[in-house]
Amino acid sequence: MAQARTLSIVSGLVLLYTLPIVLIGIGVINYEYRYWVLLTVVLVIALACALRRPRLKELGVRFDTLAAALILQVGLVALPVAGLLIWGRASAKFDNTDLPLSFFVFYVLVSAPVQEFLFRAYLHFELLQRNNLSAPLYVVISALLYATLH
């Protein structure tokens, strides 16, 4: 019974994570609506997560290491960004002037944190903690879903 429930949860998550992407890719959903569709999926997953009422610790949120982690992440992000900016000024190949500033703001403030929540916190909580999926299988499923999205 537990294996059937786990299979059902995994199948549902795989469909929820991949079906919108496939429908956009094959043209069933117009490409211009991709942000709205993906935002809807995120809201559905956030609602499902809220209904399950996990503790922040179950989602991997720890406040005892937050300051050190943020400092490390800012440093790890700042170096490549600075490199890209310097390289971009020296090379005509790096030209994103046609992209509006709102794209970059959306990517940094919405897309990246949401991806972290979806692929680290929620999948980990749902598959490993709630359904006792094996760690290697969780890694494979998470990696395949992440690769499919990208």
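What pattern does the protein follow, read along the sequence? The pattern is α-α-α-α-α, with five helices and zero strands in the protein. The model is a predicted one. Of the 150 residues in the protein, 23% are buried. Taking contacts between residues at least 6 apart in sequence, 67% join residues at least 24 apart.

**Nonpolar core**

- The largest nonpolar core is made of 20 residues.
- Tyr-17, Tyr-122, Leu-123 and Leu-127 have the most contacts inside this core.
- Helices α1 (2-25), α2 (34-52), α4 (101-129) and α5 each contribute at least two residues to the core.
- Helix α4 supplies the largest share of the core, eight residues.
- With neighbours within four places in sequence left aside, Leu-127 contacts Ile-9, Val-10, Leu-13, Asn-132, Leu-133, Tyr-138 and Ile-141.

**Helix α5**

- Helix α5 covers residues 135-149, 15 residues in total.
- From first C-alpha to last, α5 reaches 21 Å, close to the 21 Å expected at 1.5 Å a residue.
- The buried residues of α5 are Tyr-138, Ile-141, Ser-142 and Leu-145.
- Viewed down the helix axis, the buried residues of α5 fall within an arc of 95°, so they line one face of the helix.
- In an α-helix there are 3.6 residues a turn, so residues three or four places apart point the same way.
- On the face of α5 turned away from its buried side are the exposed residues Pro-136, Leu-144 and Ala-147.

**Ser-142**

- Ser-142 belongs to helix α5.
- Is Ser-142 buried or exposed? Ser-142 counts as buried because its relative accessible area is 11%, and the cut-off for buried is under 20%.

**Largest pocket**

- The largest pocket has a volume of about 1,300 Å³.
- Its lining consists of 31 residues.
- Gln-73, Val-77, Ala-112, Pro-113 and Glu-116 are the lining residues that lie nearest the centre of the pocket.
- Helices α3 (66-90) and α4 each supply at least two residues of the lining.
- Helix α4 gives the most to the lining of this pocket, with 12 residues.

Note on methods: Residues numbered from 1 in each chain as written. Predicted model: local features only at pLDDT ≥ 70, side-chain atom pairs only at ≥ 80, totals over all residues. Heavy atoms only, no water. Helix = DSSP H or I, 4+ residues; strand = E, 2+ residues; numbered from the N terminus. Expected span 1.5 Å × (residues − 1). Buried < 20%, exposed > 50% of the residue type's maximum accessible area, 1.4 Å probe, protein only. Arc of directions from axis to C-beta. Core = buried A, V, L, I, M, F, W, Y, C linked by side-chain atoms within 4.5 Å. Contact = heavy atoms within 4.5 Å. 1 Å grid on protein atoms, 1.4 Å probe; cavity = no way out; pocket = protein on both sides within 12 Å on 5 of 7 lines; lining within 4 Å. Points joined across faces, edges and corners; volume = space filled by probe spheres on them.
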